Amino acid sequence: MSTSETTAPEPITIKEQAPVLLSHLAGFVAQRTVVLGLRTGMIKTLAEAGEGATSDQLAGRLGFDPWYVSVWCQSAVGAGLVDRDGDRYRLAPHVATLLLDTSSPAYLGGVYAVLDSPEVFDWFERSLASGERLWWDQTSPDWIAAVSGAGTPFYTRLIPGGLTQVPGLAEALAAGCRVADTACGAGLGIVKLAAAYPGCEFVGVDGDAHSIDVASKRITDAGLADRVTLVTSPLEDMDLSADPVAVVINNISMHECRDIDKVTENVKAALEPGGWLVISDFPFPDTDDGLRTVPGRVMSGIQFFEAQIDDQLLPRVYYSELLAKHGFVDIGTVSLTPMHALTFGRRPS
Ligand SMILES: C[S@@+](CC[C@H](N)C(=O)[O-])C[C@H]1O[C@@H](n2cnc3c(N)ncnc32)[C@H](O)[C@@H]1O
């Protein structure tokens with residue numbers, strides 16, 4: 001008889017289970033410590049204090065109560081955000097990049113702001129019984145800004161690094177072509193694309209009028225108005241066939257389509273023969289083990305908002321099947337981080 005047939009797993013004890021729950025409390029404290037540090041400028045001020053600062057100096061620089069600041073510093077040490085040397089506090093290695101540097105592909109600060117927003121857990125709880133759904137136009141400008149912050153490193157990893165991993169695409173972009181950013185949100189991606197590919201023209205489509213207003217201002221401020229057209233429209237109604245594009249990019253939004261098959265058909269119709277669709281999205285775990293990883297748990301947090309707009313993040317493989325179903329060819333995938341994957345395909349020539 002083999003061992004696997006005779007050995008039943010030992011039931012987990014309360015002593016083993018309690019630390020699992022306690023680690024969640026510790027994570028909650030760390031999350032609040034980060035958000036507090038970001039919102040009040042304590043993390044930024046420590047980043048600027050090259051040799052570190054005492055908590056009194058930090059309080060003095062920001063006009064805060066020294067006792068309260070010392071309590072924050074202590075929690076920041078516990079959370080591994082800050083190192084202490086005598087009475088001086090200094091940001092731990094790479095924390096400034098991860099939490100403050102919006103140009104870094106590793107930037108994480110935006111996700112903290114998203115998960116701290118009332119739209120995620122508070123609104124979910126409020127609607128738990130009614131099941132009431134919402135749409136982007138009912139969310140706050142702070143929420144749109146937070147989402148745009150969380151989306152920024154996705155665009156940073158995509159442009160140009162991720163796009164160069166799609167066979168043939170970098171050459172087309174370098175030569176100059178028309179590119180659509182579908183669900184362009186607040187326009188950050190278009191500005192990055194326009195800087196990376198000076199020979200290209202862009203169309204940004206989004207269903208939320210406020211996001212398009214923010215995008216329009218950003219694009220005008222960047223001096224790009226002559227290379228960009230913005231359209232307020234659900235992707236389910238998008239029709240770019242009069243002026244087709246060579247590339248369609250969709251960043252962290254494809255899972256939100258209310259009719260994803262219709263959108264995929266509209267994208268196909270918008271593409272020139274041989275044109276590329278690149279879906280850049282969260283690869284949601286499709287196993288319980290995956291859900292229990294750190295990325296899986298963070299993505300499960302995002303699902304509380306997605307549920308309210310009537311969707312969920314999707315497993316990465318779903319997109320390969322979607323593109324195959326709609327007749328795309330040369331379908332491929334690239335994993336950029338555990339929370340970011342590309343799926344791409346071409347309209348047949
Ligand atoms: C998570 S945000 C991402 C925005 C942007 N791509 C970024 O990464 O910053 C999702 C965006 O998709 C838009 N959106 C979602 N579903 C849509 C649909 N069916 N048609 C048009 N826009 C849609 C929303 O209005 C919102 O601006």
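In the predicted model, the centres of domain 1 and domain 2, taken over C-alpha atoms, are separated by 33 Å. Domain 1 covers residues 14-100, and domain 2 is assigned in two segments, 115-155 and 167-346. The C-alpha trace of the protein chain extends over about 70 × 65 × 40 Å along its principal axes. The secondary structure comprises 16 helices and 10 strands. Of the 349 residues in the chain, 38% count as buried. Among contacts between residues at least 6 apart in sequence, 68% link residues that are at least 24 apart.

The ligand is surrounded by 24 residues. Gly 151, Ala 183, Gly 185, Gly 207 and Asp 208 are the closest of these. Two or more residues of the shell come from each of two elements, helix H9 (141-162) and helix H11 (188-196). Helix H9 makes the highest contribution to the shell, with four residues. Sorted by class, the shell around the ligand contains 11 nonpolar, eight polar and five charged residues.

Helix H13 spans residues 260-270, and its buried residues are Val 263, Thr 264, Asn 266, Val 267 and Ala 270. Viewed down the axis of H13, these buried residues fall within an arc of 160 degrees, and they therefore line one face of the helix. An α-helix has 3.6 residues a turn, so residues three or four places apart point the same way.

Ala 174 has 15 other C-beta atoms within 10 Å. A residue counts as buried at 20 or more such atoms and as exposed at 12 or fewer, so Ala 174 is classed as partly exposed. Along the chain, Ala 174 and Glu 236 are 62 residues apart, and their C-alpha atoms are separated by 30 Å.

Conventions: Residues are numbered from 1 along each chain as its sequence is written. This is a predicted model: local features need pLDDT of at least 70, side-chain atom pairs count only at pLDDT 80 or more; totals for chains, interfaces and linings use all residues. Two residues are in contact if their C-beta atoms, placed from the backbone, lie within 7 Å. A residue is near a molecule or strand if its C-beta atom, placed from the backbone, lies within 6 Å of it. Ala, Val, Leu, Ile, Met, Phe, Trp, Tyr, Cys and Pro count as nonpolar, Asp, Glu, Lys and Arg as charged, and the others, Gly among them, as polar. The arc is that of the directions from the helix axis to the C-beta atoms. Domain bounds come from an automatic or database domain assignment.
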